[in-house]
Amino acid sequence: MNDSRPTAPEQIVIIGGGNAGLSVAGRLHRARVGEITVIEPREQHVFAPLQSHIAGGAARASEAIRRQADVIPSGVRWVRDEVFTVDADAQRVHLVSGEHLDYDQLVVCAGMRMAWEQIPGLPEAMSEPTGISNYDYDLAAKASPVLRDLRAGTVVFTQPPEPASCGAAAQKPMYLACDWWRSIGVRDDIRVVFVCPDPVPFGIPAIDRELQRKLDEYGIEVRYSRELRSVDAGAGTLVIGHGDAEETLSYDVLHAVPPQRAPEWIAGSGLAASDDRHGFVDVDPETFQHVRHPEVWSVGDAAAVATRRSGGAIRQQAKALVKNMKAVRDGGTPSAKYNGYSVVPFTVSRGTVVFAEFDREGRLQPTVPFWRSLYRERRLSWIADRRILPWVYWHLILRGLA
Ligand SMILES: Cc1cc2nc3c(=O)[nH]c(=O)nc-3n(C[C@H](O)[C@H](O)[C@H](O)COP(=O)(O)OP(=O)(O)OC[C@H]3O[C@@H](n4cnc5c(N)ncnc54)[C@H](O)[C@@H]3O)c2cc1C
């Protein structure tokens, strides 16, 4: 005899209401997969890619921010709290408030943590009028007038090594600022030093050629294979290095991007691989299912996705994740696979972008198939990055429609 009693809807808990969490929530809700709860402590939702434009003087700070309540997809419950730990064996999430939530399926979308404290003197330097960054909303807003009004001196831009959230976006305000200084005739009075963790600007030859051309054109001094080691804001100096080699640079303005890692509670909950010192959620990088807890999933910056992290990557990840969660719910196995597609739109001037799209192996993956040279410096890519993508983000991506 069939049991006709209705079964309780599956409880799906999503940790984090950022780019990944809301895209996944919107998609799951439209696919009618269970009851969805998003846990997110912040009242304001920030579209991080615009922070580069803000820092470089090409967008207003207010354009990058919306009330979280206004962007949670309809039909999705928002718990304004913070996860303290996950007990994956008990399928329970413990919150900082002392409450807990039980789940049938858990999706971890907690992003990355900006580890400013890992560089001695960096937090103090960022609190000075000369310390700026596109990797923090307030510091990006602070950067805009600092770079706009500078007429002479030394500006050092630093990029951290991977893992990072769209790490090469560290370069975006640098090109925007150089273009501005050139347009007002002060470029020759400003020494610009770029501290790059790698031996090349990006790591894919076609993209490197485009970026190197711009670096040369702007006369930027590049310190390749160097990382920021410490800052002395009082003296206006910083130390960069590689192995035993160290160099001290003086600066008038420091645009720094901090080292990055997953939030510590992920490893504390046993969700990271024991040998992952950055503590990312230990998922299959193609299907996003956790390697030890099949009811746990993760996408976005917090997941061990084995590719460069970006918002553009999340669009593909969210599609595959939702297909796989549905397949498992229906008794199947996760078969949708993510190829590691990711993107970095380099704003190389105030009107052009080098649009780097690539897969896990570093092969170019243009959005428009067969347009192999789409990555080249173009006005069209600027319009897409500055005008179209923000609209698509607020109206489609966060609702799980794109
Ligand atoms: C400056 C900058 C520029 C960028 N530029 C680009 C670009 O041009 N193109 C591009 O494609 N990508 C870009 N990116 C990358 C893109 O923004 C990220 O990949 C994307 O935002 C990651 O989404 P996410 O949801 O994984 O993380 P986030 O958007 O960071 O969201 C994580 C959320 O989890 C929440 N959270 C954290 N801990 C907890 C907890 N304990 N409990 C509950 N919630 C928690 C946080 O409050 C946050 O809201 C850029 C990133 C930065 C920082």
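**Around the ligand**

Biologist: Which residues come nearest to the ligand?
Modeller: Keep in mind that this is a predicted model. There are 37 residues around the ligand, and the ones that come nearest are G16, G18, G111, C166 and G300.

Biologist: Which elements give two or more residues to that shell?
Modeller: Those are the helices α1 (19-30), α2 (49-55) and α9 (311-329), together with the strand β21 (342-347).

Biologist: And what is the shell like by class?
Modeller: It has 18 nonpolar, 14 polar and 5 charged residues.

Biologist: Where does the ligand lie relative to the domains?
Modeller: Domain 1 and domain 2 both give residues to the shell around the ligand, so it lies between them.

Biologist: Oh, what are the bounds of those domains?
Modeller: Domain 1 is made of 11-41, 80-112 and 262-340, while domain 2 is made of 133-259 and 344-395. Their C-alpha centres lie 30 Å apart.

Biologist: How many residues of each are in contact with the other domain?
Modeller: On the domain 1 side 10 residues are in contact with 8 residues of domain 2. That side of domain 1 has 2 nonpolar, 5 polar and 3 charged residues.

Biologist: Changing topic: which residues touch the most other members of the largest nonpolar core?
Modeller: That core has 113 residues, and I14, V24, V108, C109, V281, A302 and A356 touch the most other members.

Biologist: Let's pick C109. What does it touch?
Modeller: Leaving out residues up to four places away in sequence, C109 touches I14, I15, G16, G18, A20, G21, V24, S298, V299, G300 and A302. G16, G18 and G300 are also among the residues that come nearest to the ligand.

Biologist: Nice link! Now the whole chain: how many helices and strands are there?
Modeller: The protein chain has 10 helices and 22 strands.

Biologist: How much of it is buried?
Modeller: Buried residues account for 47% of the 402 residues.

Biologist: And what is the radius of gyration?
Modeller: The chain has 22 Å; a compact globule with 402 residues would have a value near 21 Å, so the two agree. Along the principal axes, the C-alpha atoms fill a box of roughly 85 × 45 × 40 Å.

Biologist: Last one: what share of contacts join residues at least 24 apart in sequence?
Modeller: Among contacts between residues at least 6 apart, that share is 64%.

Definitions and conventions: Residues are numbered from 1 along each chain as its sequence is written. This is a predicted model: local features need pLDDT of at least 70, side-chain atom pairs count only at pLDDT 80 or more; totals for chains, interfaces and linings use all residues. A residue is near a molecule or strand if its C-beta atom, placed from the backbone, lies within 6 Å of it. Helices (H or I, at least four residues) and strands (E, at least two) are DSSP runs, numbered from the N terminus. Ala, Val, Leu, Ile, Met, Phe, Trp, Tyr, Cys and Pro count as nonpolar, Asp, Glu, Lys and Arg as charged, and the others, Gly among them, as polar. Domain bounds come from an automatic or database domain assignment. A nonpolar core is a set of buried Ala, Val, Leu, Ile, Met, Phe, Trp, Tyr and Cys residues joined through C-beta atoms within 7 Å. A residue is buried if 20 or more other C-beta atoms lie within 10 Å of its own, exposed if 12 or fewer, and partly exposed in between; C-beta atoms are placed from the backbone. Two residues are in contact if their C-beta atoms, placed from the backbone, lie within 7 Å. The radius of gyration is taken over C-alpha atoms; the globule rule is 2.2 Å times the number of residues to the power 0.38.
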